[in-house]
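I opened this model to look up a few points and keep a record of them. My entries are below the display.

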Amino acid sequence: MKDVVRLYNNTKKYSRYAIRSAKAELKSEVTDSYLNWLWWIIEPLSFMLIYVFVFGYVFKANEEYFIPFVLIGITVWQFFNRMITGSIKLVVNNRELISKVYIPKYILLISKSFTYLFKLFISFVLLIIIMLIMNVPFSFTMLYFFPILIILYIITFGISCILMHFSVYVQDLANLSDIVLRFLFYLSGVFYNINVRLKGKLGFLMLSVNPIAFLMNEFRNVIIYDKIPNFSGLTFWLVVGLIFTYIGIKLIHKNENSYAKVI
Amino acid sequence: MKKEAITIENLHITYKGLKKTSIRSTFFNKKNRKKIETFEALRGVSFTIDEGKIIGIIGKNGSGKSTLLRAIGGIFSPDIGSIDLHNNTVSLLSIGVGFNKKLTGYENIYLSGLLLGFNEEQVREKEQEIIDFADIGDFIYKPVKTYSSGMYSKLAFAITAILETDIMLIDEVLSVGDVQFKKKSYGKMKELIFTENRTVIIVSHTPKTLNELCDEVIWLHDGKIKMQGDPDKILAAYEKFMNE
């Protein structure tokens with residue numbers, strides 16, 4: 001309980017810092033590059049085109065509304081991928097800062113997550129536009145987008161906190177995470193429908209043990225297929241996410257002031 | 001009545017076997033795992049400092065001076081014991097606040113201010129003063145990574161010096177920027193030190209500076225307080241000890 005109160009107080013106290021730092025980071029990304037903010041749109045759009053070409057045309061995928069289907073997959077995956085990759089090395093990359101002033105270390109992660117959330121929202125705006133163009137019917141189940149996003153955020157944040165802590169001590173965690181992430185990417189059904197391609201037990205298993213595959217599937221169901229989400233599954237992953245977050249926060253609280261001694 | 005600004009009780013800080021490791025060595029090198037090296041930088045330091053006092057800390061290399069400052073600054077947490085700052089804000093002057101190098105100096109002023117416990121309004125009020133003091137021209141609107149090391153430290157000093165915290169920790173003698181800036185920063189530092197109500201801790205190797213500035217001196221030796229009290233007396237004993 002103590003850790004939860006501390007998390008709340010710190011987040012409140014440092015929220016202005018986290019927001020300001022995220023904004024500044026996004027701004028610097030824009031000013032440094034040639035095409036400016038267009039990158040935020042070009043990036044998801046080009047990935048979408050690549051996957052649509054390779055899997056829709058070459059491999060003849062026949063998922064209904066394949067283009068928005070892929071775009072949702074990419075958006076959800078990118079958020080998760082960025083958070084995980086970002087959390088590793090986050091402490092080391094901020095060596096300058098944390099050896100000179102106290103900051104709760106997960107504030108760094110929260111601030112980063114704001115920039116990733118921002119990009120996620122851009123992708124979703126893009127999705128809406130594409131759905132309009134393609135005449136995909138809109139429905140009220142789309143509103144479930146928000147609770148599912150919150151669950152995605154919590155579970156990703158929890159895993160990232162734990163990884164952030166271990167990445168301080170374990171130097172080659174990045175190598176391992178690259179492999180695991182690549183594996184997860186193919187298992188999560190970014191460009192195929194697990195329910196259709198892997199029928200029976202295997203598909204069920206993959207959707208039950210991999211939160212990203214599950215949440216990606218839920219996003220698609222509520223946004224493009226007008227289906228009611230799987231509430232028991234969502235509750236399950238919410239609880240798991242909260243447990244991960246609790247473990248991560250506890251680890252960080254216990255060790256964060258030793259980070260400066262290591263890096 | 002005297003008000004305490006810093007209370008430190010039985011402070012221990014240990015650098016444990018927090019060495020970096022790799023996955024391979026954790027799994028396959030079991031021998032290494034058991035050998036945890038520990039180094040106690042501070043072993044049982046206790047003292048209190050009243051508000052408005054200027055305290056000097058002296059000691060040879062490796063005696064725990066910088067560790068003590070960092071612990072007071074909140075960067076290291078105590079392994080045993082406690083540090084109570086009585087809700088005062090604190091900053092490590094001279095090494096400044098860490099910058100995010102991708103961002104502009106201007107943006108870093110705000111981020112540093114927020115980290116030092118100020119809100120955006122308070123930083124806005126001091127913004128111009130900081131920019132003037134740092135005196136790095138248009139570079140303030142350029143990313144910090146484009147700065148020369150001199151400009152970097154000038155801005156770092158300006159931020160911590162102008163955004164005045166209740167407790168200031170000063171590590172070593174300032175050697176920031178060119179001769180002109182050095183003069184200016186030394187003057188500013190004196191002004192800050194002698195402001196009433198501000199509690200200052202200065203770490204130094206040079207007895208002369210400490211004698212000039214401090215009300216009281218603490219002599220750290222091997223992580224413990226060897227002597228504490230009147231500057232003249234302590235510094236004389238220290239110099240005698242060092243010359244032996």
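These notes go through a sheet, a loop residue, the chain contact and the core.

I note at the outset that the model is predicted. I started with an open sheet in chain B. I counted 6 strands, in the order 5-6-7-3-8-9, and the pairing is mixed. Strand 5 (90-93) and strand 9 (224-229) of chain B are the edges, each pairing on one side only.

I asked which strands helix 3 (residues 65-72) of chain B touches. I found strand 3 (54-58), strand 5, strand 6, strand 7 (199-203) and strand 8 (216-221) of chain B. The direction of this helix makes about 155° with that of strand 7 of chain B.

I followed strand 6 (residues 167-171) to its partners. With strand 5 of chain B, strand 6 pairs in the parallel sense over 4 bridges. Ser91(B) has Met168(B) as its bridge partner, and Leu92(B) has Leu169(B). With strand 7 of chain B, strand 6 is also parallel, over 5 bridges. There I saw Asp171(B) opposite Val203(B). Strand 6 of chain B is mostly covered, with 4 of its 5 residues buried.

I moved on to the loop between strand 7 and helix 8 (207-213) of chain B, where His205(B) is found. Why does His205(B) count as partly exposed? I found 14 other C-beta atoms within 10 Å of His205(B); a buried residue needs 20 or more, and an exposed one has 12 or fewer. I also looked at Gly59(B). His205(B) and Gly59(B) are 146 residues apart in sequence, yet 6.9 Å apart in space, C-alpha to C-alpha.

I listed the contacts: 28 residues of chain B meet 24 residues of chain A. On the chain B side, helix 4 (residues 105-115) gives the largest share, 5 residues. That side divides into 16 nonpolar, 8 polar and 4 charged residues.

I looked up the largest nonpolar core and got 128 residues. Those with the most contacts inside it are Val76(A), Leu215(A), Ala158(B), Leu169(B) and Ile201(B). Helix 3 (residues 66-87) of chain A supplies the largest share, 11 residues. I then took Val76(A) by itself. Leaving aside neighbours within four places in sequence, Val76(A) is in contact with Leu152(A), Ile212(A), Leu215(A), Met216(A) and Phe219(A).

Terms used: Residues numbered from 1 in each chain as written. Chains lettered and ligands numbered in written order. Predicted model: local features only at pLDDT ≥ 70, side-chain atom pairs only at ≥ 80, totals over all residues. Pairing = 2+ DSSP bridges. Helix = DSSP H or I, 4+ residues; strand = E, 2+ residues; numbered from the N terminus. Contact = placed C-beta atoms within 7 Å. Axes fitted to C-alpha atoms, helices over the stretch in contact; angles between N-to-C directions. Nonpolar A, V, L, I, M, F, W, Y, C, P; charged D, E, K, R; others polar. Core = buried A, V, L, I, M, F, W, Y, C linked by C-beta atoms within 7 Å.
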